[in-house]
Amino acid sequence: DNFASIVEGVREGRVVYANIRKVIFHFISIGMAEILLFLLAIAFGLPMPLTTVQLLWLNMVTGSLQDLPLTLEKAEGNELTKPPRPVKEPVFNRRMIERVVLNAVAIGLASFAIFAWLLQQGYAVEDARNIVLLLLVLFENVQVLNSRSETLSVFRHSLLSNPLLIGGMVLAQIIHIAAMYIPAFQGILEVKPVPLNVWGWLIAASVLLLCINE
């Protein structure tokens with residue numbers, strides 16, 4: 001019978017619901033991008049862009065380290081100024097669908113274009129896969145930043161409000177870099193270190209995703 005408690009309950013419920021949407025958006029947009037990447041490779045008669053083990057690594061190791069901290073995002077501060085959502089509105093409303101499609105197409109097309117270009121330049125399939133896998137890990141890190149809010153700019157959302165998220169991003173990148181240098185992982189994942197100039201244009205490609213979302 002305490003009105004303040006009811007208000008706080010509504011606010012907290014909206015925070016939880018928003019965080020569920022953030023995780024779904026991140027997970028589905030990356031997954032759809034991977035599907036698009038493979039479909040394009042099949043359509044153009046190219047080798048598979050990733051091996052099965054690389055795909056599992058991307059989704060279950062590096063990706064999970066970024067998805068889980070999204071559930072702990074703090075309130076954005078405008079929860080109680082928004083009107084109630086329609087009771088029958090699905091999680092995949094128009095806004096969610098538009099954002100998923102935009103990001104999946106951007107990631108999938110960019111990854112395929114780089115993979116096809118590498119093969120055209122004479123790179124071995126294994127080397128092209130190694131570079132595309134690194135690109136997708138970078139895309140995951142950028143995409144998790146894009147997933148933090150449906151309305152706020154990345155630059156208006158303090159990184160310090162969710163230190164676990166930043167830790168997850170850094171850890172995911174460190175784990176993948178370590179795998180590129182550790183012989184046992186090199187054999188299993190078919191990965192190896194890439195030159196600094198390749199790092200440069202892969203980072204530039206991943207930052208372009210941030211610009212598209214902004």
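Predicted model: local features only at pLDDT ≥ 70, side-chain atom pairs only at ≥ 80, totals over all residues.
Biologist: What makes the contact of Glu 150 and Arg 21 a salt bridge?

Modeller: The N to O distance between their side chains is 2.6 Å, and the cut-off is within 4 Å, so the pair counts as a salt bridge. Because Glu 150 lies in the loop between H4 and H5 while Arg 21 lies in helix H1, the pair ties together parts that are 129 residues apart in sequence.

Biologist: Why is Glu 150 called partly exposed?

Modeller: Glu 150 has a relative accessible area of 21%, and partly exposed is the class between buried, under 20%, and exposed, over 50%, so that is the class Glu 150 falls into. Glu 150 also meets the side chain of Arg 95 in a salt bridge, at 3.6 Å from N to O, and this pair links helix H3, where Arg 95 lies, with the loop between H4 and H5, 55 residues apart.

Biologist: How do you know that Arg 94 is exposed?

Modeller: Its relative accessible area is 67%, and exposed means over 50%, so the term applies to Arg 94. Arg 94 forms a salt bridge with Glu 98, with the closest N and O atoms 2.8 Å apart, and because these two residues are four residues apart in helix H3, about one helical turn separates them.

Methods
Residues numbered from 1 in each chain as written. Heavy atoms only, no water. Buried < 20%, exposed > 50% of the residue type's maximum accessible area, 1.4 Å probe, protein only.
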